[in-house]
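Student: I would like to learn how to read some features of a protein model. Please take them one at a time.

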Amino acid sequence: DDLVTGVQTCALPIYPNVLDWLNRSVTGGDAYESGLLFHGPLIKQKLHIGKVYELYFKVKDSELNYHPDWPAVSELNADVYVGNWGVSSEGASGSIYESQISNGLVVIPIIFGQKADTVNIDAELSGPLADGVRLLNETPLAGYTKNMADGWLAGGEMQGRALLGIPIGPEARDRKPAAEVSITLEGNDIFMPRYDLSINNIHTELHYSTARGLAADPVRADLFNRDVMGLIASQLEGEGGKVQVQVAGTVDAIDLYTWSKQPLLTQTRGIMTYQAVLDIPYGTSAASEDIQIRAVSDLGGVEVALPAPMRKSAEEKGDFVYQHTFSNPYPQIDITYNQDVQASILLDAGLIHRGIVQFGREKKESLPQEGLRIGGRLEFVSYDQWQDVLQALDDTSEVSLVSEMVDNLKGIAVRIGQLDAFGLALEDVDVHSLLAVHIGGKQFFRARGNRAVSGNQHAHHPAHGFNSQGKRRDIQ
């Protein structure tokens with residue numbers, strides 16, 4: 001029978017908002033046992049004063065849609081009590097997705113002389129971590145975490161507990177649900193297809209609170225086949241804030257290259273320590289809308305086989321900062337190495353859209369409006385070394401780095417203390433390229449330099465008869 005309809009026909013002083021919530025939230029199922037305790041006049045129109053009642057129902061295979069933004073509890077088995085003091089159900093069991101609910105407690109308290117305004121739910125949860133990922137993606141947590149878990153694949157089981165406060169009644173729209181959720185992970189795995197990244201053997205207790213945000217401390221896991229330690233914290237700012245994930249660990253340069261496919265990493269060897277911070281802003285009052293990751297390392301124990309000024313032995317240390325901002329439509333990468341190399345690059349489908357690379361310790365210029373610009377000062381450059389390295393990088397990359405730089409390069413302004421090229425040792429060299437010259441579909445740039453070299457020079461393009469003469473030696 002329809003229990004709610006039955007209750008409505010009784011002469012019991014049950015508040016309309018309680019009945020409304022029961023009518024919308026409890027659907028289906030059977031009541032196989034019920035009872036009623038009542039004291040007072042049975043006439044429905046009589047004043048509620050003096051009416052004391054309590055009734056109970058044993059419900060099986062029901063469904064509880066306690067709030068439209070959260071998943072329903074199905075296969076609900078519970079003892080439901082209704083009285084002057086409110087509504088309660090103890091020892092309820094059921095399921096959410098593929099997870100089991102146990103020891104459930106549902107209470108709608110009624111303070112004497114006031115209307116019921118909140119449904120309180122307390123229950124234990126156990127099941128696959130994949131259901132926890134669904135909660136992140138299909139509830140208000142999705143907006144809170146900026147859809148961070150979209151597409152995640154999770155393995156292993158979880159144990160948890162949830163406490164929810166659901167507003168009911170006419171004022172419910174002006175109040176937000178309150179939630180306290182904790183989930184224990186013991187050896188779980190998560191794969192993030194968007195980043196092609198696997199985090200394995202996760203051990204932590206994850207907490208979410210509408211008052212305090214998302215938190216976990218400590219978090220232990222395996223990343224790039226090595227142990228990492230970290231924590232999750234939240235900073236609340238009005239109607240928004242920021243979720244921050246901090247991680248510290250070690251990584252082998254080979255594993256980092258295998259994951260990132262960054263050609264420069266083919267010139268590194270060794271195991272480095274690092275600290276990384278992932279910032280996930282959310283809400284309308286967040287200072288930034290973009291997810292950002294920042295990693296720092298002293299590169300101790302890592303050999304960098306790039307030409308100067310980036311070359312270093314495993315025994316040496318160097319300050320390295322990598323920052324990746326997932327902005328739309330062009331993600332931005334910012335890199336600082338020993339304050340000798342600074343770069344800011346905007347990417348388009350993984351390729352250079354525009355950016356700047358600057359050598360030396362002068363303040364980095366702002367991003368250009370288009371293309372790639374290179375500037376600053378280098379104490380020493382070996383043309384042969386760079387040629388060998390660029391060739392090696394091209395051999396390991398799906399995209400030619402040289403071609404990509406040439407296609408996007410819009411200007412060079414670099415001063416070189418000593419340039420070794422073509423058997424010559426040139427000192428105090430200024431390299432400039434202010435004008436791009438296209439010949440036969442290829443892009444050529446002019447490198448003017450070394451005031452000590454005088455005389456006429458002759459540059460010839462055999463296919464197009466392009467000639468150029470000047471008073472200073474140009475290297476093209």
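Predicted model: local features only at pLDDT ≥ 70, side-chain atom pairs only at ≥ 80, totals over all residues.

Student: Where is Gln244 placed, and is Gln244 buried or exposed?

Tutor: Strands (E, at least two residues) and helices (H or I, at least four) are DSSP runs numbered from the N terminus. Gln244 belongs to strand β14, residues 240-252. Buried means under 20% relative accessible area, exposed over 50%, and partly exposed in between, with a 1.4 Å probe and protein chains only. Gln244 has a relative accessible area of 14%, so Gln244 is buried.

Student: Which side chain makes a polar contact with the side chain of Gln244?

Tutor: A polar contact is a pair of N or O atoms within 3.5 Å; within protein, one must be able to donate a hydrogen and the other to accept it, and residues adjacent in sequence count only if both atoms are side-chain atoms. The partner is the side chain of Gln246, at 2.8 Å. In strand β11, the side chain of His203 has a polar contact of 3.0 Å with that of Asn201.

Student: How many aromatic pairs does the structure hold?

Tutor: A pair of aromatic rings is described by the distance of the centres and the angle of the planes. Rings of Phe, Tyr and Trp (its six-membered ring) pair if their centres lie within 6.5 Å; planes under 30 degrees apart count as stacked, over 60 as edge-to-face and the rest as tilted. The structure holds 3 such pairs. One of them, Tyr195 with Phe326, is edge-to-face, with 5.6 Å centre to centre and 70 degrees between the planes. This pair links distant parts of the chain, 131 residues apart: Tyr195 lies in the loop between β10 and β11, and Phe326 in the loop between β18 and β19. Tyr195 is partly exposed because its relative accessible area is 23%; Phe326, at 24%, is also partly exposed.

Student: Over which ring does the charged end of Arg134 sit?

Tutor: A charge sits over a ring if NZ of Lys or CZ of Arg is within 6 Å of the ring centre and within 35 degrees of the ring normal. The charged end of Arg134 sits over the ring of Tyr97, 3.7 Å from its centre.

Conventions:
Residues numbered from 1 in each chain as written. Heavy atoms only, no water.
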